[in-house]
Amino acid sequence: MSHGKDKPKIMERSRVELLREKNKAISVSEKKLKAVFDGSHDAIIISTKDGIFIDCNHRALEIFGLKSKDELITLSPSDFFLPSIQDGQSISEGLLRFERLINLKNGESFPAEVILTLVRIGEETFHMANIRDISERKRAEEALHHQIKFEKKLAEISARFATITAAQLDEGIDYALQHSGAFFNTDRSYVFQFSSDGGMMDNTHEWCSEGIQPQIDNLQGIPSDDMPWWMEKLLRIETINISCVDDLPPQAAAEKELLQSQSIQSVLVLPIIFNKKLMGFIGFDSVREKHNWNEDQISLLKVLSELISFALQKSQAEEALREREALQRILIRLATGFVNEPLETIDTAINRALETIGKFACVDRVYIFSFDYTNREATNTHEWCAEGISSEINNIQGVPFELLNDFLKMLRKGEIVSIPKVAMMPEDYTLRTVLEQQGIQSLILFPMMYGSECLGFVGYDAVRNVRVFQETEIILLKVMAELLANTVVRRRTEKIFREREERFRQISEFSPLPLSIFDRDGKYEYLNPKFVEVFGYTLDDIPSRKKWFELAYPDSLYRKKVEETWINDINNSGDKVRPKNFRVTCKDGTQKEILFRLVLMENGKHLIIYEDITERKRYEKQLKYLSMHDQLTGLYNRAYLEDELNRLSKSREYPITIISTDLDGLKLINDTLGHDKGDKLLKACTKVLKQSLRCSDILIRVGGDEFVAILPKTALKSGEEIADRIRTQVDLYNSKNTELPLSLSIGIAASENENVSLRDTFKESDDLMYREKIYRRSSVRNQVVNTLLIALAERDYITEGHAQRLSNLCKTMGEKLGLSSQKLVDLALLALVHDFGKVGIPDSILFKNGPLTESEWEIMIQHPEKGHRIAISSPDLSGVAELILLHHEKWDGSGYPYGFKGEKIPIECRILALVDAFDAMTNDRPYRKAISWDEAREEIIKYSGTQFDPALVDVFLSVLEQGTHP
């Protein structure tokens, strides 16, 4: 029974123990909460429901500038712009989240995220405010918004550049400078362009914010050598980012002085590159205050630089095309004019032609020299000089052939003599001193050939600047020389026969033109040897004019037309019969286009001068063809497009659909594999497009990589089907030509009737095509790079397994040196792809069994730059692009392409130099056998400190001795 009395005591003791454990647990929990409370990176404040602060953590004291928690008790939520229950905001659900600008006692403020919760402490409920500083997040959001806004502006600028003409280029660049400069809050933005030889630079475009003094007028004709530090960086395709001009290094003293003279505090400069050449740069100045450009901003401005580069390149291409077409039209007009020019005014016509060609070709002097083979001398017979250029014609009469020996042999063989820089001529050239005395910097001479005889030459001098003639210009100016040769021959011949008729027969024997004389009754009295040579007929064959007509014009209808024309002109014109041309059948059956000139002699007889213009007609036809066709593909060109749009706009061919296409990745192919591969791709693209189009469709090449197809009587739906057919043909081609695949961007638009301008339709299709090109750009570049990677793997230059051996040994060296994991990865990748640029080197050079010639070596040493351009285009390889560029630099600075020395060369490149040299020596090459490892070690030691980093040589030799090499 005693057990029953003890039971309540036992139960009471159990409750006491449970209470102790519960209190202990609560104490532990409070300690943990206290640790979190005090250790939080956010400010935490606890207040009563009435809004009285009772506690805070250390972070809150720090943020709000309070000395102690006692100071907190004197404050209320409104002091920090925090809500309270009295504000009407409810946290009955246990959580209230909002953002608020927090004001501090020192007058500063910051954006914060505030979370209000209910917490229970003991028997009471309190408000706990968790305050987090979100300044960084707000700045990141603002930066992202800023970036997206500028990307939209770039897209707008890009679309504008895609459609502007050369005449609108300045306006487009000014627009880009204004909006980019204002967007990034700079004071001045501008574009500089270099002269053709890179020796001078001009400020061509400028935008200034309000209150900033323009500098464009003061920055013209600046020698590039005046800014050596600046130019060194630009030539290495580096971005110049100067946040403080006053901190520029001593080697930039010239640049520092120029920038300070303009009160510039900070400047950002990005190179403008196209056609593998530095053409200028785009710059942004901060004058009022210092400015720091971050990497994201620089990346966006690099895109702007590329857009301006593209616009300049496109404009120059359009300008070159217009100039070539204009020159062709000039030549056609001159050719026609020379035919009809009477002898009395032929010299004036020649001088007029020289002026026209000289102004168009932008030279300072054009002239004609005539050869006198009897006296062995040359005479300046005609000359045109630009304004301000002194005439030399009176000083260059009867020049002995001996003085022209440097050029005479080439001219007499019909070869063009081109001297791009007189200053670069050999010292022993006879004419160099004479040319320099006349101030001539460049010249080009075209022989005037008549058959195999050189009558003289046409010359073009550049005095003010160096002038380099393009291939298309040379072809057309050669035609000009041929026209002048024919004119000179005609001038000589007609003058001789007019002035010295009594000696006609003697002279006519040597005439370069066929001649004949017939009397009043139409009986032929004389045919000169050239007549017999050209036509094959003798006096026995054509005793009379009637017999000549029968043989020369066998077609009766054509013969009747010729006879009527001649008789009518003779009867009505007397001795002033206009020249005319007819098709003549020679004795051997061939037909020639002959220009006839009839001269009435004093004795009533008729002299006929015959000029074979078959070749000239062919040239005229060819010139006309060239003016409307692309020489590479044979397609119509942009000039034809303009004419066709005008014609179709007035036709009944509606609806008309226009498809614009662009060959993606052409520039990368040209820069890496060469223009031969690029031309091959263009021809393949032409073939694919022709196969996809109908016979009635018109295919035009409007630019370097752009094609346009005009589809008359075709609605948009049918045009889209043809566009799909093009894509299918591209896929079919690529399945059979994996080594050089095609990629096309396509845009399509249609005009239903004449109310919709065809030019607007063309612009719409071009815009759509360009948008697709921008979208596809990255994937196309990767596709080209992957194609080149496959080519590199298939060739594995010089010997099988070369790249893999290098990679293994480089990795061993890197680990021995304790390089970081990232550098080890870069080093291994560099070993595999450092010879990427050799993909574009011909096998005849790459695998030549013997030493390279100077010209072959010039091609070979371009491979680091080619490899750099390829790698920079691929996200997977861009990290080692700079290493590829510098992997042939040497420790003593004798390497290439920049001649860097010592530790300025990245350590990855210095390691590769050692490993590559050792592998090359110990494996067979096409031009020599491998040497032993011991001999290779001696070579490595021999060139330590010159070709190789001496410190790395010791490490490398230890690796070999330890046998840790592959």
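Two residues are said to be in contact when heavy atoms of theirs lie within 4.5 Å. By that rule, residues 24 or more positions apart account for 56% of the contacts in the chain with a separation of 6 or more.

The model is a predicted one, in which local features need pLDDT of at least 70 and side-chain atom pairs count only at pLDDT 80 or more, while totals for chains, interfaces and linings use all residues. Residues are numbered from 1 along each chain as its sequence is written, and side-chain values use heavy atoms, with hydrogens and water left out.

The chain has 31 helices and 26 strands, where helices (H or I, at least four residues) and strands (E, at least two) are DSSP runs numbered from the N terminus. Of its 966 residues, 48% are buried, a word that here means under 20% relative accessible area, calculated with a 1.4 Å probe and protein chains only.

A nonpolar core is a set of buried Ala, Val, Leu, Ile, Met, Phe, Trp, Tyr and Cys residues joined through side-chain atoms within 4.5 Å. The largest one has 69 residues, and Ile-659, Leu-742 and Phe-956 are among those with the most contacts inside it. Its largest share, nine residues, comes from helix 29 (residues 907-921). Apart from this core lies another, of 36 residues, including Ile-357 and Phe-469.

| Helix 9 (residues 346-361) | Ile-346, Ala-349, Ile-350, Ala-353, Leu-354, Ile-357, Gly-358, Ala-361 | 165° |

Because the buried residues of helix 9 fall within an arc of 165°, they line one face of the helix. An α-helix has 3.6 residues a turn, so residues three or four places apart point the same way. Just after helix 9, Cys-362 takes a positive phi of about 60°.

Helix 19 (residues 666-673) and helix 20 (residues 675-692) have axes that come within 6 Å and cross at roughly 145°; these axes are lines fitted to C-alpha atoms over the stretch in contact, and angles run from 0 to 180 degrees between N-to-C directions. Leu-666, Ile-669, Asn-670 and Leu-673 in helix 19 meet residues of helix 20 that include His-675, Lys-677 and Leu-681.

Technical notes: Buried < 20%, exposed > 50% of the residue type's maximum accessible area, 1.4 Å probe, protein only. Expected span 1.5 Å × (residues − 1). Arc of directions from axis to C-beta.
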